[in-house]
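Me: I have a two-chain model open and want to go through it. Can you take some questions?

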Amino acid sequence: MPSEFPTNDLQDIWQNQPTEVFKMSADKLRRKAQQLDRKARLAVVFSAAIAILLFLYFGWGFLSFPEKFQTFGLGPFGAWSMRLGFGVLSLWGLFSGYQTYKVLWPGPAASDADLRTTLQSYRQQLEKRCDYSQNIWLRSGLILCFLGIAMVVMPVLVRDILTPLQLLADLGPIFGLLILWLAIFIPLRKRRQRKLQVEIDQLRAFESEYHV
Amino acid sequence: MRKEDASQDSLYEQAAETYSSALDRLARAYELDAETRRDLLQEIHFHLWRSFSKFDQRCSLRTWVYRVAHNVATAHVIRRRRIRERLVNLEDVETIENLADSHQSELAISRSQTLRRLSMLIQRLKPLDRQIIVSYLEGMPANAISEITGLSPANIAMKIHRITKILKRWFGEGGVHAQ
């Protein structure tokens with residue numbers, strides 16, 4: 001027979017649904033924690049190695065520039081711009097390594113799912129994402145990276161400006177990739193940011209409306 | 001083993017023993033796919049165990065367990081939402097087309113069908129409303145839900161009032177067969 005008060009039925013159905021027994025001993029969890037920490041540290045070491053390689057590669061470009069690039073037919077201004085560009089890219093390598101360390105290194109913040117109420121925790125997670133998305137050019141060092149690329153590319157652009165075919169051959173692939181990346185990255189970032197902001201605003205309005 | 005570690009372990013074991021089924025149901029409210037759900041459940045247990053190093057008894061064990069579990073599950077939803085359908089507020093629940101079957105809601109439906117529809121409904125809600133509806137279905141009083149979510153008890157009471165109205169409309173007047 002149908003019941004007279006369906007919502008009580010629903011609680012009963014929900015609470016008596018079949019569940020699986022999940023068991024993990026504390027020792028196993030401790031080992032898992034150690035494993036995760038090791039894995040995270042390894043990931044940091046790996047990214048640090050890549051950052052150091054980038055730093056050394058571009059740094060070498062910066063230091064060995066006079067011998068290597070004098071034959072490129074760049075004027076003194078162009079040569080210095082290119083050289084400084086390598087220097088900036090080298091710094092970007094270091095900066096990106098540091099940022100990766102900040103994000104990945106396992107610390108006390110790894111388990112941030114406690115203490116706070118779920119509303120605070122939820123809003124903070126959204127705000128963290130939104131903040132990163134809003135400041136992605138600074139946070140991920142993209143400004144340094146693009147500044148470096150611009151300084152390296154500009155002298156070649158100036159040199160080849162009167163010979164379009166040469167310009168296309170020298171810089172076409174770089175600009176092609178850049179345009180493709182920007183065409184995908186910018187709208188995606190804006191859309192994600194808009195969605196996050198709407199949700200954060202909703203939560204804030206909700207909190208102030210009901211004096212949470 | 002250090003004294004703190006032993007206390008952390010024993011708190012976790014007590015929580016896992018008492019709330020194992022509830023945590024499984026909670027994971028079901030956040031993840032339909034069985035394989036991914038198992039990973040989520042493992043993650044919940046892992047964070048729970050870790051969190052007990054900071055448990056200061058200022059709230060009950062139940063509140064702590066649900067708070068940690070909901071927070072881990074919410075992070076899971078936020079991580080995976082890009083590949084998911086649009087999530088809605090409780091107030092916008094009528095916009096879920098697949099579930100809005102007015103003919104069926106007027107008929108009595110079986111317990112398994114009800115559970116399936118209920119799960120589908122919960123899966124489409126935004127995390128905060130999901131936390132409230134799951135806690136309500138677990139039979140928690142408004143003040144306990146308030147402690148977990150951080151919303152005021154009055155606000156929870158209002159939300160629960162809306163939830164019961166929505167559930168009545170969806171699972172309706174026909175009720176549920178006891179099969």
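**Working through the model**

Me: Start with chain A. In what order do the elements of chain A run from the N terminus on?
Reply: From the N terminus on, the elements of chain A run α-α-α-α-α-α-α-α. That comes to 8 helices and 0 strands. Bear in mind that this is a predicted model.

Me: What about the secondary structure of chain B?
Reply: Chain B has 8 helices and 0 strands, and its pattern along the sequence is α-α-α-α-α-α-α-α.

Me: How much of each chain is buried?
Reply: In chain A, 18% of the 212 residues are buried. In chain B, 42% of the 179 residues count as buried.

Me: And the contacts, how many join residues at least 24 apart in chain A?
Reply: In chain A, 81% of the contacts between residues at least 6 apart in sequence join residues at least 24 apart. For chain B, residues 24 or more positions apart account for 67% of the contacts with a separation of 6 or more.

Me: Which residues touch the most other members in the largest nonpolar core?
Reply: Leu26(B), Ala27(B), Ile44(B), Leu48(B), Ala69(B) and Ala73(B), out of 51 residues in that core. Helix H1 of chain B, residues 3-30, gives the most to this core, with 9 residues.

Me: Where does this core lie relative to the domains of chain B?
Reply: Between them, because domain 1 (1-84) and domain 2 (88-179) of chain B both give residues to this core.

Me: Which residues does Ala73(B) touch?
Reply: Leaving out residues up to four places away in sequence, Ala73(B) touches Leu26(B), Ala27(B), Tyr30(B), Leu40(B) and Ile44(B). There is also a second, separate core of 10 residues, with Phe58(A), Phe86(A), Leu91(A) and Val152(A) among them.

Me: Back to Ala73(B). It sits in H3(B), so at what angle do H2(B) and H3(B) pack?
Reply: At about 135°, with the axes of H2(B) and H3(B) 9 Å apart. H2(B) and H3(B) are therefore oblique to each other, and their crossing is right-handed. On the H2(B) side the contact is made by Leu40(B), Glu43(B), Ile44(B), His47(B), Leu48(B) and Ser51(B). On the H3(B) side, Val65(B), Val68(B), Ala69(B), Val72(B), Ala73(B) and His76(B) take part.

Me: What is the phi of Gln57(B), positive or negative?
Reply: Positive, about 65°, although Gln57(B) is not a glycine. Gln57(B) is in the loop between helix H2 (34-51) and helix H3 (61-80) of chain B.

Me: Does Gln57(B) count as buried or exposed?
Reply: Exposed, because Gln57(B) has 8 C-beta neighbours inside 10 Å, and the cut-off for exposed is 12 or fewer.

Me: Change of topic. How many residues of helix H7 of chain B are buried?
Reply: Helix H7 of chain B, residues 142-149, is mostly covered, with 6 of its 8 residues buried. They are Ala142(B), Ile145(B), Ser146(B), Glu147(B), Ile148(B) and Thr149(B).

Me: What covers the buried residues of H7(B)?
Reply: The cover includes helix H5 (118-134) of chain A, along with H3, helix H6 (127-137) and helix H8 (153-171) of chain B. After H7(B) comes Gly150(B), which has a positive phi near 95°.

Me: How do the axes of H6(B) and H7(B) cross?
Reply: They cross at roughly 145° and come within 10 Å. The crossing is right-handed. Leu128(B), Gln131(B), Ile132(B), Ser135(B) and Tyr136(B) of H6(B) make the contact with Ile145(B), Ile148(B) and Thr149(B) of H7(B).

Me: And between the chains, how do H5(A) and H3(B) cross?
Reply: Their axes come within 9 Å and cross at roughly 25°, so H5(A) and H3(B) are roughly parallel to each other. H5(A) passes H3(B) in a right-handed crossing.

Me: Which residues in H5(A) meet H3(B)?
Reply: Thr118(A), Ser121(A), Tyr122(A) and Gln125(A). In H3(B) they meet Arg67(B), His70(B), Asn71(B), Thr74(B), Ala75(B) and Ile78(B).

Me: Last one. Where does Gly97(A) lie?
Reply: In helix H4 of chain A, residues 76-104. Gly97(A) counts as buried because it has 21 C-beta neighbours inside 10 Å. Leaving out residues up to four places away in sequence, Gly97(A) touches Ser47(A), Ala48(A), Ala51(A) and Ile52(A). From Gly97(A) to Ile50(A) is 7.7 Å, C-alpha to C-alpha, with the two 47 residues apart in sequence.

Note on methods: Residues are numbered from 1 along each chain as its sequence is written. Chains are lettered from A and ligands numbered from 1 in the order in which they are written. This is a predicted model: local features need pLDDT of at least 70, side-chain atom pairs count only at pLDDT 80 or more; totals for chains, interfaces and linings use all residues. A nonpolar core is a set of buried Ala, Val, Leu, Ile, Met, Phe, Trp, Tyr and Cys residues joined through C-beta atoms within 7 Å. A residue is buried if 20 or more other C-beta atoms lie within 10 Å of its own, exposed if 12 or fewer, and partly exposed in between; C-beta atoms are placed from the backbone. Helices (H or I, at least four residues) and strands (E, at least two) are DSSP runs, numbered from the N terminus. Domain bounds come from an automatic or database domain assignment. Two residues are in contact if their C-beta atoms, placed from the backbone, lie within 7 Å. Axes are lines fitted to C-alpha atoms, for helices over the stretch in contact, and angles run from 0 to 180 degrees between N-to-C directions. Angles under 35 degrees count as roughly parallel, over 145 as roughly antiparallel, 65 to 115 as roughly perpendicular and the rest as oblique. A crossing is left-handed if the near helix is turned anticlockwise from the far one by less than a right angle, and right-handed if clockwise.
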